[in-house]
Amino acid sequence: METKIIEAFKSAEIGISERQAEQFRALYEFMIEYNRNVNLTSITEFDDVVMKHFVDSVLPFTMLELDETASFIDVGTGAGFPSLPLLIMFPKLKGTLCDSLGKRCTYLELACGKIGVSAEIIHARGEELGRKRRGQYDLATARAVAALPVLAELCLPFVKVGGEFVALKSVNEDTSAAQNAVKLLGGKQKISLDYKLPNGDDRRLVVVKKISQTPTKYPRSYANITKKPL
């Protein structure tokens, strides 16, 4: 398994150590075992998990000038993507994993122990935690299906001025529709880059720079965020 994991990352021009390959194997095995009782992912085949979860979580961050000691929050982390692969690759990162489902948070706590990484796990809704932890992180990440205006309102309040919101998106969304939301929330779009995974799947990386404080009326309630996107 470890050899296949190393080769998959190598196909994306990413080098990983034997130790990191062992951590990814442990994460795969634990996630699949836990997935029998708690719905974490519909992607379960080994090769697919390695490419579509592990490589997919790490590759876009190799395109950035990542401070490997930065603090980040992964909003709506779900099964722990991109956060857990990032913590395997860059163990000096200070990670906070936020999810609204208690069962997933229990899984995340156990998974961190299994793979030997440290992270703060918080059971909370992103918009509620965003009001309490305004401007506390260098980075906010999201690898979610929500539209970019929604993700921006959930994530940008967490980011320090000078920090960044990093969204991992599909290429099917018109991300230019988020320009108004980004501006209102104190951000400025820095990168919108389309790329491919080694298996040919299309992806889009969107990076928003935080240039001013987010007004205190944001984030709104989730109902308003989704019903009336900025």
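Helices here are DSSP runs of H or I of at least four residues, and strands are E runs of at least two, numbered from the N terminus. The structure is a predicted model, where local features need pLDDT of at least 70 and side-chain atom pairs count only at pLDDT 80 or more, while totals for chains, interfaces and linings use all residues. Residues are numbered from 1 along each chain as its sequence is written, and side-chain values use heavy atoms, with hydrogens and water left out.

Take E153, which sits in helix α7 (residues 148-155). With a relative accessibility of 0%, E153 counts as buried (under 20% relative accessible area; exposed is over 50%, partly exposed in between, with a 1.4 Å probe and protein chains only). Its side chain makes a polar contact of 2.8 Å with that of R220 (N or O atoms within 3.5 Å; within protein, one must be able to donate a hydrogen and the other to accept it, and residues adjacent in sequence count only if both atoms are side-chain atoms). Leaving aside residues up to four places away in sequence, E153 also touches L185, Y218, P219, I225 and L230, among others (heavy atoms within 4.5 Å).

P219 belongs to the loop between β7 (202-210) and α9 (222-227). Another cis bond runs from F81 to P82, with omega near 10 degrees, and P82 lies in the loop between β1 (71-75) and α4 (83-89).

Then there's E13, not a glycine, yet with a positive phi of about 60 degrees. E13 is in the loop between α1 and α2 (18-34) and is exposed, at 78% relative accessible area.
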